[in-house]
Amino acid sequence: VSLALQRQTLVDAVYQGFGSPTTNILNYTTPFYREFPVEENLEKAKELAREVLGDQRVTVTYLYNGGELAQKSEAELIASWLSEIGIDCQLQPMEMTNLKEQMKTGDYSIARMQQGLSNSEPATIFRRFMLPSGDHNQNYCLGYHSQEVDQLMNEAQAALDLTVREDCYERIQEISTVVPLFNDVPLMAYSPRLTGFEAKSYGVELPAIAWA
C-alpha cells in the first residue's frame, strides 16, 4: 500500500504543496526523528499485492472525515492508486465522532486519521499505536502485536545510554504500523505592528506579545 501512494502528487494536488511527504510515524519536532526516503514503486507494489491476492481483487471500506473537503479529494486519489494493485475502496465519509466509534467496532479496513505533534520523548506515540496495551491499538481495533517492538520498547525504557534509545526508536520508526502520508506545513500570518512574536511549533507566548 505504501509503495503505491504518490505522496508528493497528493500534497501538490490537494494541499497546494503545503505538506512534506513522509513515511515516518514521528515528525520532525522530536530529536529522535529520522528521515527515511519516501519510496514510490507501483510495479513493486503490484508484485507484493499479487503475492497476497493472486489474481483476485479485494474490496475494502475506507473511512474518512466527511467534514473536511480536502479529505474527499485525498481519498479519491488514494483509492485510484490502490485500485492499481487490486484493492477497490468503498469510500465512506463520516462525521469525526462517528468515524472513531466505527473504528472501535473494527468494521473497516482503512481509516484516515491525523496525529498531533510528537513530544521530545516519542515512546508515547509508539506505545499508543504499537503495543498490545496501547489505547489507539485497542480502541481502533488495530490488532497489532510484535514481539520485536515489545522488546525494543522495554530495552529503550531501561536504557540509560541515549544512543541505545536512539537505536531502538529508529528501528521502531522503520517498522511503524501506520502508513504515514505527509507532515503539515503550517502557514502563519501576523502584523508587523506586533512585538515579541516568535513562531513556534508548540504555540506562542502570549505574555511576551504587545502592540508596537
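Is the crossing of α5 and α8 left-handed or right-handed? Here are my notes.

1. First, some ground rules. This is a predicted model, where local features need pLDDT of at least 70, side-chain atom pairs count only at pLDDT 80 or more, and totals for chains, interfaces and linings use all residues. Residues are numbered from 1 along each chain as its sequence is written, and side-chain values use heavy atoms, leaving out hydrogens and water.

2. Back to the helices (DSSP runs of H or I, at least four residues, numbered from the N terminus). The crossing of α5 and α8 is left-handed, meaning that the near helix is turned anticlockwise from the far one by less than a right angle. The axes of α5 (residues 123–130) and α8 (residues 162–174) come within 11 Å and cross at roughly 40° (axes are lines fitted to C-alpha atoms over the stretch in contact, with angles from 0 to 180 degrees between N-to-C directions).

3. Who meets whom here? Ala123, Phe126 and Met130 in α5 are in contact with Tyr169, Ile172 and Gln173 in α8 (contact means heavy atoms within 4.5 Å).

4. Now look at the largest nonpolar core, which has 22 residues. A nonpolar core is a set of buried Ala, Val, Leu, Ile, Met, Phe, Trp, Tyr and Cys residues joined through side-chain atoms within 4.5 Å, with buried meaning under 20% relative accessible area (1.4 Å probe, protein chains only). Ile78, Leu82, Ile85 and Cys89 touch the most other members.

Terms used. Buried means under 20% relative accessible area, exposed over 50%, partly exposed in between (1.4 Å probe, protein chains only). Helices (H or I, at least four residues) and strands (E, at least two) are DSSP runs, numbered from the N terminus.
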